[in-house]
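Subject: A structure for you to explore

Hello! Here is the structure I promised to pass on to you. Have a look at it first, and then read my notes below.

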Amino acid sequence: MSVTESWSRVMTLLREHAPADHADLPGPATEQMLAAAEERMGISLHGDLRTWLLQNNLDLPEGDVDDEVACCGFDGFPDEGSFFLGIRAMERLHANRSTSCGFDPPDQPASPFWRNEWIPFLSDQDGWMGKFVDVRDGRVGSWFVGDPTVTGEYESMAQYFDSVAETLTRIADGISPVCRFAEGRLVWS
């Protein structure tokens, strides 16, 4: 399954079961936005990440951005306490994590906490944890400050979005112990 198909599955489930949350999501990024972000970051986006952003750029409107937090996004989606990032938030977090030598810490190139080739696409508001796409091969990994970084957690963004769709299906079926759909929104307990 492609990233377009997997994300469409997520959006279909969200539109069907949480139409108010779905309606809050902004439109797509433009090629110009992505090219400018790539230039500022000094790295090309992986094709799956580019394809996803061209479907939905999940940046908050400028007026809703809180400068006091490291990352901003639509709270409570895909889970409580984390959110998908739009291109501006990705850039900001990438800049915060990037180093001049390309990885951190500089004396551990084989197993770094962070590599500049990793582009975050999901985070908590503090930027302490989240998921990233490795632009070298498209695999999805995760980080949590203070714990080892996990690379290759998912083979692709499509596989990751399939897992999000499975979670939304469990919520819709009423078998999630921590979330339900109510009044057109995801509600976490």
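Two residues are in contact when they have heavy atoms within 4.5 Å of each other. Leaving out residues up to four places away in sequence, Asp162 touches Met1, Ser6 and Arg9. Asp162 sits in helix 6; helices (H or I, at least four residues) and strands (E, at least two) are DSSP runs, numbered from the N terminus. Asp162 has a relative accessible area of 17%, so it is buried. Here buried means under 20% relative accessible area, exposed means over 50%, and partly exposed is in between (1.4 Å probe, protein chains only).

Before going on, please note that this is a predicted model, in which local features need pLDDT of at least 70 and side-chain atom pairs count only at pLDDT 80 or more, while totals for chains, interfaces and linings use all residues. Residues are numbered from 1 along each chain as its sequence is written, and side-chain values use heavy atoms, with hydrogens and water left out.

**The chain as a whole**

The protein chain has 6 helices and 10 strands. Of its 189 residues, 49% are buried. Among contacts with a separation of 6 or more, 54% are between residues 24 or more positions apart.

**The sheet and the hairpin**

An open sheet is formed by 6 strands in the order 1-2-5-6-7-8, with antiparallel pairing. Two strands pair if DSSP finds at least two bridges between them. Strand 1 (78-79) and strand 8 (150-154) are the edge strands, each pairing on one side only. Inside the sheet, strand 6 (residues 129-134) and strand 7 (residues 140-144) run antiparallel and are joined by 5 bridges. One place to look is Gly130, whose bridge partner in strand 7 is Trp143. Helix 5 (residues 87-97) lies across strand 5 (118-123) and strand 7, at about 120 degrees to strand 5. For that angle, axes are lines fitted to C-alpha atoms, for helices over the stretch in contact, and angles run from 0 to 180 degrees between N-to-C directions.

Strand 9 pairs with strand 10 (residues 185-188) in the antiparallel sense over 4 bridges. Arg180 stands opposite Val187 in strand 10. Strand 9 (residues 179-182) has Cys179 and Phe181 on its covered face, and Arg180 and Ala182 on the uncovered one. The hairpin of these strands has 2 residues between them, and there Glu183 takes a positive phi near 50 degrees.

**The core and its rings**

The largest nonpolar core has 49 residues, and Trp52, Phe84 and Phe121 have the most contacts inside it. Such a core is a set of buried Ala, Val, Leu, Ile, Met, Phe, Trp, Tyr and Cys residues joined through side-chain atoms within 4.5 Å. Helix 6 (residues 157-172) gives the largest share of this core, 8 residues.

Rings of Phe, Tyr and Trp (its six-membered ring) pair if their centres lie within 6.5 Å; planes under 30 degrees apart count as stacked, over 60 as edge-to-face and the rest as tilted. By this rule there are 14 aromatic pairs. Why is the pair of Trp52 and Phe84 edge-to-face? Their ring centres are 5.5 Å apart and their planes are at 65 degrees, so the pair falls in that class. Trp52 belongs to helix 4 (residues 47-53) and Phe84 to strand 2 (residues 82-84), so the pair ties together parts that are 32 residues apart in sequence. Tyr154 and Tyr160 also form an edge-to-face pair, 5.2 Å centre to centre with 75 degrees between the planes. Both Tyr154 and Tyr160 are buried.

Enjoy exploring!
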